[in-house]
Amino acid sequence: MSRNRKFNARIVVGTLLTAVGLSLAACGGGEETRTGAAPEKITFSILSAEGQASAGPMWQPLLDDMAESIGIPVEPFFGSNYTILVEAMRGNQTQVAWFSANSAVEAIDRADAEVVARTVNREGADSYRSTLIVRTGSGITLDQVLACGKRFDFGLGDALSTSGTLAPMAFLFNPRGIVPEACFSTVRSANHQANAFAVATGVLDVATSNTVNTVFLVRQNPAIAAQITEIWQSPPIPESGIVVRGDLDPATKEKVRTFFLSYGQGEGVEAERQRQVLAGLEYSQFRAADNSYLNPIREMVADRELAEARAKGDTAAVTAAEAELQRLRSLREVQP
């Protein structure tokens with residue numbers, strides 16, 4: 001889930017990336033941090049628009065259990081958008097992270113990260129869906145949205161959000177040749193929570209969201225949830241995952257992997273307590289996974305790159321994107 005609270009994402013991301021870089025330089029961190037040795041602590045990044053006050057109570061019990069299991073202190077690192085969190089991992093400011101699938105791809109490509117587990121929701125599914133939402137009673141239909149005409153104010157997600165940006169572009173807009181900036185009256189970028197509130201209060205006519213955000217809204221703010229109606233759902237997309245820096249001490253990395261794969265499993269009082277912690281996060285367990293589970297996301301990225309290449313009339317780029325898209329489709333084990 002993406003939860004960037006700012007609409008002008010490019011300005012905010014640029015400012016915050018500069019701040020992260022300065023912070024790492026001032027602390028003597030970043031790429032100069034020694035690797036291959038067991039760390040004195042693990043910093044675990046968590047996306048939260050509201051910071052520790054919002055996400056802390058949900059995640060802290062799991063982080064405490066993780067620290068006890070691996071024998072190393074674990075501290076949370078809260079960020080308001082995925083770009084900042086990927087950059088923090090690239091600079092070794094964080095070593096373990098909970099990322100949406102698209103952001104996990106970014107972390108693999110830019111921060112030399114690797115997947116150790118994937119999340120499973122309370123119903124046992126390890127996928128979810130991107131959605132389009134409108135205000136309940138507005139009468140806005142999907143056909144009206146796709147007709148464009150600069151009629152509606154539209155909200156996209158964080159630039160690295162799988163469900164907020166990548167999936168709706170790959171599954172809804174790109175196949176129809178729709179460019180949101182040319183289609184809608186205004187296009188704003190924000191996290192799912194901010195977009196949901198904007199739609200519920202009439203600030204936005206339409207916005208992207210996802211089925212996970214819907215669950216959280218119903219639980220945490222039912223009055224807002226009641227003001228929102230879904231008019232589109234994407235095919236299933238991979239759920240979020242747990243990623244670690246590739247140069248993390250191998251023994252520590254294996255302890256982290258073992259912790260997540262065994263958490264909430266088995267019988268007894270302790271296993272039941274752990275399952276309650278997972279339930280608070282809307283999860284039931286973590287399943288084994290590696291980087292290949294993100295191939296559906298890479299397929300969506302290739303689709304986006306193909307659309308961009310066609311728009312530019314770049315024949316060589318079109319050929320390369322088509323080849324990559326075909327390669328990824330051939331690897332697909334389950335049709336979406």
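Which are the buried residues of α3? Select Tyr82, Thr83, Ile84, Leu85, Val86, Glu87, Ala88 and Met89 and you have them; buried here means under 20% relative accessible area, exposed over 50%, and partly exposed in between (1.4 Å probe, protein chains only).

Before going on, some ground rules. This is a predicted model, where local features need pLDDT of at least 70 and side-chain atom pairs count only at pLDDT 80 or more, while totals for chains, interfaces and linings use all residues. Residues are numbered from 1 along each chain as its sequence is written, and side-chain values use heavy atoms, with hydrogens and water left out.

**Whole chain**

Zoom out and colour by secondary structure: the protein chain has 14 helices and 13 strands. These are DSSP runs numbered from the N terminus (helices H or I, at least four residues; strands E, at least two). Of the 336 residues in the chain, 51% are buried.

**Helix α3**

Now back to residues 82–90, helix α3, where eight of the nine residues are buried. At its start, pick Asn81: a side-chain oxygen of Asn81 comes to within 3.0 Å of the backbone nitrogen of Thr83. After the helix, click Asn92, which has a positive phi, near 65 degrees. Then show the side chains of Glu87, Arg90, Glu106 and Arg110, which are linked in a network of salt bridges. A salt bridge is a side-chain nitrogen of Lys or Arg within 4 Å of a carboxyl oxygen of Asp or Glu.

Lys253 counts as buried at 11% relative accessibility, whereas Glu114 is partly exposed at 24%.

Next, select Arg327 and Glu324, whose side chains meet at 3.0 Å, N to O. Both lie in helix α14 (residues 315–331), three residues apart, or about one turn of the helix. An α-helix has 3.6 residues a turn, so residues three or four places apart point the same way. Arg327, at 42% relative accessibility, is partly exposed.

**The disulfide**

How many disulfides are there? Just one by the rule used here, which asks for a pair of cysteine sulfur atoms within 2.5 Å. Select Cys148 and Cys183, with sulfur atoms 2.1 Å apart. The torsion about their S-S bond is about -95 degrees, so the disulfide is left-handed. Cys148 is in the loop between α5 (142–146) and β7 (153–156) and Cys183 in helix α7 (residues 180–183), so the pair ties together parts 35 residues apart in sequence. Cys183 is buried, at 1% relative accessibility.

**Aromatic rings**

Last stop: there are eleven aromatic pairs. Rings of Phe, Tyr and Trp (its six-membered ring) pair if their centres lie within 6.5 Å; planes under 30 degrees apart count as stacked, over 60 as edge-to-face and the rest as tilted. Phe154 and Phe173 make an edge-to-face pair, 5.7 Å centre to centre with 80 degrees between the planes. Both Phe154 and Phe173 are buried. Finish on Phe44, Trp59, Trp98, Phe259, Phe260, Tyr263, Tyr283 and Phe286, which ring pairs link into a cluster.

Terms used. Polar contact = N/O pair within 3.5 Å; in protein donor to acceptor, adjacent residues only side chain to side chain.
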